[in-house]
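Here is a short briefing to read with the model open beside you. Take it one topic at a time and find each part on screen as you go.

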Amino acid sequence: MKRLITTFTSLAVAASTFWAAAPAQAAAQAAGAQSTAKAAAAESATARRPYVRVTFPTRVARGGLATYTVRATGLRSARGEAIVMVSYLPRHLGTVRIIQRPSNSTCGFRASKWAVYCVVFLRGQSSAQWRFRLDWNYRYAGWYRVDNYAKVVSIGGGTGWDYASQITKADLIGKPARTKILR
């Protein structure tokens with residue numbers, strides 16, 4: 001009888017140790033996942049964001065041409081596979097033409113949004129530059145602005161505009177480009 005009680009007692013102790021260890025193990029795994037998430041967030045915070053600069057004319061003659069140059073530097077330190085740069089133009093004020101695009105890129109114009117975009121695939125280059133020209137209609141004058149956005153994205157398949165549509169207001173580059181069309 002003494003053996004039977006000893007066996008049941010040892011089984012009870014083993015079971016209680018097993019059931020008490022399961023939540024502790026789950027809590028340890030959750031803490032490990034949190035520390036991994038914190039490490040990834042700290043790594044992304046220390047990862048430098050590419051520097052994007054937009055040059056533009058501040059004054060243009062009525063009916064003239066305005067050339068916008070968008071240059072991104074520091075691409076080697078970017079954590080992603082491509083950088084998307086988008087410029088939203090004033091609606092129906094002229095014609096748009098892309099005059100220079102970097103290698104390994106997809107650039108285009110989306111007429112429904114009046115947006116010029118360029119998706120540059122990061123393949124070891126340290127900088128990328130593209131240019132587009134806006135031919136202003138003669139009948140327009142006054143101040144107009146062009147909003148420029150940039151974001152590093154991961155490639156998952158799709159068209160250039162699919163990546164450009166991932167842009168949010170948080171990706172705005174500095175102040176908007178303001179151009180005055182003289183009378």
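A charge sits over a ring if NZ of Lys or CZ of Arg is within 6 Å of the ring centre and within 35 degrees of the ring normal. Here, the charged end of Arg62 sits over the ring of Tyr138, 4.8 Å from the ring centre. Please keep in mind that this is a predicted model, where local features need pLDDT of at least 70, side-chain atom pairs count only at pLDDT 80 or more, and totals for chains, interfaces and linings use all residues. Residues are numbered from 1 along each chain as its sequence is written, and side-chain values use heavy atoms, with hydrogens and water left out.

**The sheet**

- Strands are DSSP runs (E, at least two residues), numbered from the N terminus, and two of them pair if DSSP finds at least two bridges between them.
- Four strands form an open sheet in the order β1-β3-β8-β5, and their pairing is antiparallel.
- The edges are β1 (51–55) and β5 (94–100); each has a single partner strand, so one side of each is left without a neighbour in the sheet.
- Between β5 and β8 (residues 127–136), the antiparallel pairing runs over six bridges.
- Ile98 stands opposite Phe132 in β8.

**Aromatic rings**

- Rings of Phe, Tyr and Trp (its six-membered ring) pair if their centres lie within 6.5 Å; planes under 30 degrees apart count as stacked, over 60 as edge-to-face and the rest as tilted.
- The whole structure holds seven aromatic pairs.
- In one of them, the rings of Tyr68 and Phe132 have centres 5.2 Å apart and planes at 10°, so this pair is stacked.
- Tyr68 lies in β3 (residues 65–73) and Phe132 in β8, so the pair ties together parts that are 64 residues apart in sequence.
- Both Tyr68 and Phe132 are buried, meaning under 20% relative accessible area with a 1.4 Å probe, protein chains only.
- Ring pairs also link Phe56, Tyr68, Trp130 and Phe132 into a cluster.

**The nonpolar cores**

- A nonpolar core is a set of buried Ala, Val, Leu, Ile, Met, Phe, Trp, Tyr and Cys residues joined through side-chain atoms within 4.5 Å.
- The largest core has 30 residues, of which Val52, Tyr68, Ile83, Met85 and Trp136 touch the most other members.
- Strand β8 gives this core its largest share, five residues.
- Another core, of 13 residues, lies apart from it and includes Val86, Tyr117, Val119 and Tyr163.
- Beyond neighbours within four places in sequence, Trp136 is in contact (heavy atoms within 4.5 Å) with residues including Val60, Tyr68, Leu93 and Ile181.

Notes. Buried < 20%, exposed > 50% of the residue type's maximum accessible area, 1.4 Å probe, protein only.
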